[in-house]
Amino acid sequence: MNLGIIGCGAIGTDVAKAADKMEEIEKIYLFDINMAKAKKLYKIIDKGEINPVEDFLENVEVIFEGASQQAVIKYAEKILRAGRDLILMSVGSLFDDSFRKKLEKIAREKNCKIIIPSGAVFGIDGLSSASIAELDGVTLVTTKPPSSLGKSYNKRTVLFEGNARDAVKKFPKNINVAASVSLAGIGFDDTIVEIVADPVVTRINHKILAHGKFGRLRAEVENMPNPNNPKSSYMASLSAIATLKRIVSPIQIGA
Ligand SMILES: NC(=O)c1ccc[n+]([C@@H]2O[C@H](COP(=O)([O-])OP(=O)(O)OC[C@H]3O[C@@H](n4cnc5c(N)ncnc54)[C@H](O)[C@@H]3O)[C@@H](O)[C@H]2O)c1
């Protein structure tokens with residue numbers, strides 16, 4: 001299988017390095033808007049080749065996006081129209097209902113998939129299973145050290161409490177996690193999001209609380225930063241690699 005990668009930053013680099021070691025992957029096509037990033041990654045892997053997305057589209061089965069919402073807006077439709085599966089990290093781009101529905105329609109017509117790794121949160125698998133029966137409520141509580149928000153609070157301060165749709169508008173940098181939880185569970189309008197700045201914590205903490213016919217769920221993670229990008233959780237890279245492994249592996253665990 002050949003893989004395309006859009007975005008050779010922290011997550012793209014981790015994914016490319018892991019894919020380079022996967023025997024099922026023969027070639028890794030790299031693209032970054034910043035050529036220096038693509039070249040840097042090309043030098044440290046064996047199976048790489050740098051090409052514009054339009055040039056490698058026909059040669060790959062799967063494309064991994066680890067770039068930006070703008071990249072998703074620019075390339076997702078093209079990728080799906082070519083019938084290629086798309087692993088998408090910048091999941092906040094799917095917040096726009098009409099854009100997301102358009103991509104879903106194309107993927108259906110072309111018999112390909114938009115695959116969204118769990119990213120920086122835990123519990124997405126359980127939440128998506130639980131959503132098959134009725135869910136009474138889903139809450140995401142994101143707690144950050146004030147410094148990571150560029151602030152200096154001296155006590156625990158709730159910065160936002162409301163639905164995911166409004167959270168995304170007010171705190172676009174939390175958009176990926178809020179979007180993943182919304183898409184796995186009960187949508188942007190009914191998912192409750194709380195964003196807290198807490199001087200006691202040293203790591204970004206995401207907690208999913210859900211209640212429904214299945215029972216009660218509480219999933220919590222404290223994320224270490226990615227060594228190559230302190231703003232990115234290392235877990236996001238691990239989740240992306242696990243997603244790729246799931247695609248190439250004959251055994252698929254979890255739902
Ligand atoms: N789903 C999640 O939980 C989760 C977690 C962390 C990050 N993310 C998202 O994943 C994406 C990648 O994160 P990262 O930490 O690797 O970021 P990064 O800044 O380290 O790397 C992004 C790379 O993409 C490139 N890029 C940006 N726009 C591009 C475009 N239009 N075309 C091609 N290349 C482009 C940049 O030059 C950069 O090299 C971001 O959008 C981020 O918000 C999602």
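Exposed means over 50% relative accessible area, buried means under 20%, and partly exposed lies in between. These exercises use a predicted model.

**Exercise 1. Is Arg218 buried or exposed, and with which residue does it form a salt bridge?**

Step 1. Take the accessibility. Arg218 has a relative value of 57%.
Step 2. Apply the cut-off. Exposed starts over 50%, so Arg218 counts as exposed.
Step 3. Find the partner. Arg218 forms a salt bridge with Glu220, and the closest N and O atoms are 3.6 Å apart.
Step 4. Classify the partner. Glu220, at 38%, is partly exposed.

**Exercise 2. Work out which parts of the chain the salt bridge of Glu54 and Lys78 ties together.**

Step 1. Check the distance. The two side chains meet at 2.8 Å, N to O.
Step 2. Place the residues. Glu54 lies in helix H3 (residues 53-56) and Lys78 in helix H4 (residues 69-81), so the pair ties together parts that are 24 residues apart in sequence.
Step 3. Classify both ends. Glu54 has a relative accessible area of 39% and is partly exposed. Lys78, at 37%, is partly exposed.

**Exercise 3. Describe the salt bridge of Arg165 and Asp189, then name the network that includes these residues.**

Step 1. Take the distance. The side chains of Arg165 and Asp189 meet at 2.6 Å, N to O.
Step 2. Arg165 sits in helix H7 (residues 164-170), and Asp189 in the loop between helix H8 (175-184) and strand E9 (192-197). The pair links distant parts of the chain.
Step 3. Classify them. Arg165, at 17%, is buried, whereas Asp189, at 43%, is partly exposed.
Step 4. Follow the shared partners. Salt bridges join Asp97, Arg100, Glu104, Arg165 and Asp189 into one network.

**Exercise 4. Which side chains make polar contacts with the ligand, and how much of its area does the protein cover?**

Step 1. List the residues around the ligand. There are 24, and the closest are Ile11, Asp32, Ser90, Asn176 and Ser232.
Step 2. Find the contacts. The side chain of Ser68 has an N or O atom 2.9 Å from a ligand nitrogen. A polar side-chain atom of Asn176 is 2.9 Å from a ligand oxygen. For Ser232, the distance to a ligand oxygen is 2.7 Å.
Step 3. Take the cover. On its own the ligand has 860 Å² of accessible area, and the protein covers 81% of that.
Step 4. Name the elements. Helix H1 (10-20) and strand E13 (229-233) give two or more residues to the shell.
Step 5. Sort the shell by class. It holds 12 nonpolar, 10 polar and two charged residues.

Methods:
Residues numbered from 1 in each chain as written. Predicted model: local features only at pLDDT ≥ 70, side-chain atom pairs only at ≥ 80, totals over all residues. Heavy atoms only, no water. Near = heavy atom within 4 Å. Polar contact = N/O pair within 3.5 Å; in protein donor to acceptor, adjacent residues only side chain to side chain. Areas by Shrake-Rupley, 256 points an atom, 1.4 Å probe, with all protein chains shown as cover. Helix = DSSP H or I, 4+ residues; strand = E, 2+ residues; numbered from the N terminus. Nonpolar A, V, L, I, M, F, W, Y, C, P; charged D, E, K, R; others polar. Salt bridge = Lys/Arg side-chain N within 4 Å of Asp/Glu carboxyl O. Buried < 20%, exposed > 50% of the residue type's maximum accessible area, 1.4 Å probe, protein only.
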